[in-house]
Amino acid sequence: MSRGALQPSQQKLAEKLTILNDRGIGMLTRIYNIKKACGDPKAKPSYLIDKNLESAVKFIVRKFPAIETRNNNQQLAQLQKEKSEILKNLALYYFTFVDVMEFKDHVCELLNTIDACQVFFDITVNFDLTKNYLDLVVTYTNLMMLLSRIEERKAIIGLYNYAHEMTHGSSDREYPRLGQMIVDYENPLKKMMEEFVPHGKSLQDALVSLQMVYPRRNLSADQWRNAQLLSLISAPSTMLNPAQSDTYIRYIGLSLFSVLVGFILCHAALNSDPAALSLWKLALQSSSCLCLFRDEVFHIHKSAEDLFVNIRGYNKRVNDIRECKESALSHAGSMHRERRKFLRSALKELATVLADQPGLLGPKALLFFSFILACFLRHIAELIFYMEELRAHVRKYGPVMQRYYVQYLSGFDAVVLNELVQNLSVCPEDESIIMSSFVNTMTSLSINANDDVFLRLADHRELGKMMNTIIFHTKMVDSLVEMLVETSDLSIFCFYSRAFEKMFQQCLELPSQSRYSISFPLLCTHFMSCTHELCPEERHHIGDRSLSLCNMFLDEMAKQARNLITDICTEQCTLSDQLLPKHCAKTISQAVNKKSKKQTGKKGEPEREKPGVESMRKNRLLVTNLDKLHTALSELCFSINYVPNMMVWEHTFTPREYLTSHLEIRFTKSIVGMTMYNQATQEIAKPSELLTSVRAYMTVLQSIENYVQIDITRVFNNVLLQQTQHLDSHGEPTITSLYTNWYLETLLRQVSNGHIAYFPAMKAFVNLPTENELTFNAEEYSDISEMRSLSELLGPYGMKFLSESLMWHISSQVAELKKLVVDNVEVLTQMRTSFDKPDHMAALFKRLTSVDSVLKRMTIIGVILSFRSLAQEALRDVLSCHIPFLVSSVEDFKDHIPRETDMKVAMNVYELSSAAGLPCEIDPALVVALSSQKSGSPEEEYKIACLLMVFVAVSMPTLASNVMSQYSPAIEGHCNNIHCLAKAINQIAAALFTIHKGSIEDRLKEFLALASSSLLKIGQETDKTTTRNRESVYLLLDMIVQESPFLTMDLLESCFPYVLLRNAYHAVYKQSVSSS
């Protein structure tokens, strides 16, 4: 082929290099996926592990690439059955190998064309052409090496071809060449050494030109430090000067593989060119393991030694390899470590300066893009973090950089290029026209222009260097994103997921490094850039892996932050607990004893530390556990708050939402946990103590807003509102259900058993002295402060649930009372109309059954209603503090309901009032609970309701014989809780006769007449046992009237002489004084 027949300008070498490099990466991706599939028992083609085909596969591999089908029918008989399926399922594998062969043919053809055209390669002159040439050599070498690592390649190709021959009667037309290629490249490097003999000159020139670039890669950290590398502030006067360089240092990443593998392929240069040998030895000393593709690695020293040991006259090279290997193993690690130390500070400084002065991204872009890859010598969190920060600056201020370089191209590069073109001694007409076009195009660039600039390089060195610079500047205008991917892509971590996860865990465990943990989920955004259009099937696999890793990283970060916050909350809750009133008793006692000069306690007993002593520091070096927790939390929250969101495979991740979600879950569990509810012992925390702990917890959570931009109020609303319901969103019990259950099943049950009494004077339930002491003090759970704390915790919704539960218990008691009424319906009907016939009433009363049961059940109802009134009063007090204007409006609305208002409307108002904790004439919750019991006809139900009031009225005299019925002025009640009957009678009557649309006032008058008549009879009794506490029982009538909004004292006076009430009060007070 004569030079006249082959015009380099017509061969489109640059285009072919670009296309083949891209296709080579695609072929590498496909071959890599085949290798991984064959190495995975689950993904491997079933024909390779089928026991029925095992002998056939072994035979094919043994004979490969020869084909023998005539004399081996027995071994290949099974293939005949599976041939169509084999053709179908192995086609993708087979034709991928065919594509590799075709790619090899195209590469060989292009390399021959380049040699024939005598293309000049020099990285400092025609950078892009030289780089693409070396890229192609490396890609081609990697592909053939990776192909040779697929152990099943012969079996796959052979199986497909045998199936093809059995189906079509002949082998596939590509099989002979493909089979020969597989055999030839059993040892790929050895074969390629022979193959590259004619290309040695071009490859050697390209590699030797790297001596201007590659040594910079191997400078020590001290040399970098002395040169003030990456420092923008070392020379303030030159800070705005554009960074200039004869060549791209961004080639630094690939140059190592190019040098090591390139000189193996053209190994003759090592003996003839000292510069080549020096460069090769320098590369051998820097690393012992190279990345072939993704997670496939290549041990260069062993491979080179195995190749050279069999070549005559290469003993010196073998010794060089061994020496370099020892040097790499002993010194490379420490060198990389020192570089990382330098880069940590240098990149931090660079990122900080650029964040403050983003305009410097323009003049210093070359510096930035040249060394951003240097931090990947060893990938650690801090370096990756600074790299991501620099990438973010480039994305954010891309328009600034583009504007700068548009002006630079038109105002400086065009002028210099024009001068160089004018000074050329020899310039053919075609080249002159092209160069003039370059100058004119660059001169006409404007800030609004966004046209792609494609420039070819000439042979003149100064012009070539200038054109290299111009190309870089044009890429700063048009291809910022592509430059970021080229110089700082870390998608390789997708294939080292275990190491990646381990690095993340180590980063998270070190408080000083946790602020950089966000770099790991940010790296997941890189993963999709490693996919290729020639292998679309791996997009879903890599995309799913990137999503799962990103989700796992963000979840772990949120968990770690949540754990730190929980520890801080625990500490704060402990400190808040020290301020509880119960802890000041000892201090008060000591003060009192000190005044009275009493000596208590043992000598030498350590004095109890007062709350707040933990805040007193003798020096700033003293660090408490709380300080360490806050420091660790602030570092981790910096990472969580670093980016508002990130895109991973078209999915948006918001780190702060992970933290919010975990805080909600932990806050929910913590609140329930702080109740310390023990079902076995029925122990539970006091509401006031729980409220103190919750407030301390909330204070800590509110402080999180200082670290992370999250809406902590949303967390409070979600969690605390769920706690006002019976179950939370996960179906778990809440504090509402726990406290409701405890008050009903523990406290009120003990009241029913006679161990606890309700003291109206104290507005609390109090333990009574009994043989079996209770494990809790009822007053500490039911006084006004505790009930207010309970209302704060449960809120109106929770208190409503508590009320509904109380009403359910009342309705069950009323249901039992109705059964007792039904059992005595005839007697009660007669007694209702015979209250003015004492003798007849006495006879009828003896026929009554379950009198004590009626009074006991009514007392239980009264106790429950008394507890509810405490809860409602506490709720009203709490709401009056939080929403005074709203509460006053509701109260005003309730107080001004006209008497003629429809009952349904009135009940709606009462329901609103009850929800605000206001007392109502008719309890809406009780009405709802009792109205669900309707079973018979309305007339029958109404009659039972009337007779129930009769039953209670005529049964009251029996209370006088009970020892525990004595009235105590100190507690304003009776020790057996019969004073609660007043509330029970009024509330039950109001509810029942509202349901049955009867007159509440008339029925209560009837009750008062029956009750007073019955009680007046015991005044005539002479039996002291029967009248033991007669005066105390008389007082019940006064309590009933005082409690009722429907009865008056005038009405009572007409039924029961007030003098008897006055004498009764005098008697019980006198008895109380005498007994005390």
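## Confidence, a hairpin and a pocket

The chain has an average pLDDT (the predictor's confidence in each residue, from 0 to 100) of 85, and 92% of the residues score at least 70. This is a predicted model, in which local features need pLDDT of at least 70 and side-chain atom pairs count only at pLDDT 80 or more, while totals for chains, interfaces and linings use all residues. Residues are numbered from 1 along each chain as its sequence is written, and side-chain values use heavy atoms, with hydrogens and water left out.

**Confidence**
- Among helices (H or I, at least four residues) and strands (E, at least two), which are DSSP runs numbered from the N terminus, confidence is lowest in helix 16 (residues 365–371), with a mean of 63, and highest in strand 4 (residues 651–653), at 94.
- The pLDDT is below 50 over residues 247–253, a stretch that has 33 contacts (heavy atoms within 4.5 Å) in the model beyond near neighbours in sequence.
- Where pLDDT is low, the predicted coordinates should not be read in detail.

**Hairpin**
- Strand 5 (residues 756–759) and strand 6 (residues 764–767) pair (DSSP finds at least two bridges between paired strands) in the antiparallel sense over four bridges, with Ile756 opposite Asn767.
- Four residues separate the two strands of this hairpin, and Lys763 in the turn has a positive phi of about 50°.

**Second largest pocket**
- The lining of the second largest pocket receives its largest share, eight residues, from helix 35, and helix 40 (981–995) and helix 42 (1030–1043) are also among the elements that give two or more residues.
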